[in-house]
Amino acid sequence: MGAFRARAAILALESRGLTLEADLSAQDERWMREALTLAGQAAAAGEVPVGAVIVTAGGERVGGGQNRREVDRDPTAHAEMAAIRQAAAQLGAWRLAGCTLYVTLEPCAMCAGAAVLARIRRLVYGASDPKGGFCGSPVSLGDLTRHPGLNHRLEVTGGVLAEEASAQLKGFFAGLRG
Ligand SMILES: [Zn+2]
């Protein structure tokens with residue numbers, strides 16, 4: 001192959017890579033918008049607005065949930081736990097291999113641990129959480145999603161629609177003080 005054809009082949013591969021990346025980020029935003037909608041429902045019910053959605057490798061939504069700590073009087077009623085339970089019930093398996101978890105706020109230690117136990121392939125979160133985040137954001141308290149001692153690690157993408165997620169949280173807490 002001549003140098004020109006080799007170069008053309010590389011350019012074609014690069015542009016294909018970029019297209020795949022653009023598709024992935026469009027998908028990420030689409031599902032994060034759904035998670036934001038669920039978070040909005042939580043806020044309307046007087047709960048801290050956090051929403052989560054689980055999508056299979058084939059792009060099918062199999063789980064969703066929002067924070068329900070107050071209404072359920074349950075400290076474990078986080079959005080991610082509800083979404084994981086629903087997805088496992090829907091798929092008829094505890095192993096959510098190939099699935100992606102979308103959540104508006106960086107998951108806490110409990111939810112990051114549950115995502116590892118469920119063998120979720122990929123985590124996409126919105127805002128980072130300096131108070132409880134355990135998924136390796138710069139402000140997080142740690143990273144359970146990529147712990148070298150655990151037998152499963154996730155691919156993690158943070159900061160998707162982060163401004164919207166954090167505006168939603170700030171708005172909620174400002175409303176409580178107002
Ligand atoms: Zn949590």
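## Overall architecture

The protein chain contains 5 helices and 5 strands. This description rests on a predicted model. Read from the N terminus, the elements follow the order α-β-β-α-α-β-α-β-β-α.

Along the principal axes, the C-alpha atoms occupy a box of roughly 70 × 40 × 30 Å. The protein chain has 178 residues, of which 36% count as buried. Among contacts with a separation of 6 or more, 53% are between residues 24 or more positions apart.

## The sheet

The 5 strands form an open sheet in the order β2-β1-β3-β4-β5, and the pairing is mixed. Its edge strands are β2, covering 61-66, and β5, covering 155-157, each of which pairs on one side only. From one strand to the next, the twist averages 15°.

In general, strands of a sheet pair through backbone hydrogen bonds, and the arrangement may be parallel or antiparallel.

## Pairing of β1 with β3

Strand β1 (residues 51-55) and strand β3 (residues 100-105) run antiparallel and are joined by 4 bridges. Within this pair, V53 stands opposite Y102 of β3. In the strand order of the sheet, β1 sits between β2 and β3.

## A helix across the sheet

Helix α3, formed by residues 79-91, lies across β1, β2 and β3.

Note on methods:
Residues are numbered from 1 along each chain as its sequence is written. This is a predicted model: local features need pLDDT of at least 70, side-chain atom pairs count only at pLDDT 80 or more; totals for chains, interfaces and linings use all residues. Helices (H or I, at least four residues) and strands (E, at least two) are DSSP runs, numbered from the N terminus. A residue is buried if 20 or more other C-beta atoms lie within 10 Å of its own, exposed if 12 or fewer, and partly exposed in between; C-beta atoms are placed from the backbone. Two residues are in contact if their C-beta atoms, placed from the backbone, lie within 7 Å. Two strands pair if DSSP finds at least two bridges between them. Axes are lines fitted to C-alpha atoms, for helices over the stretch in contact, and angles run from 0 to 180 degrees between N-to-C directions.
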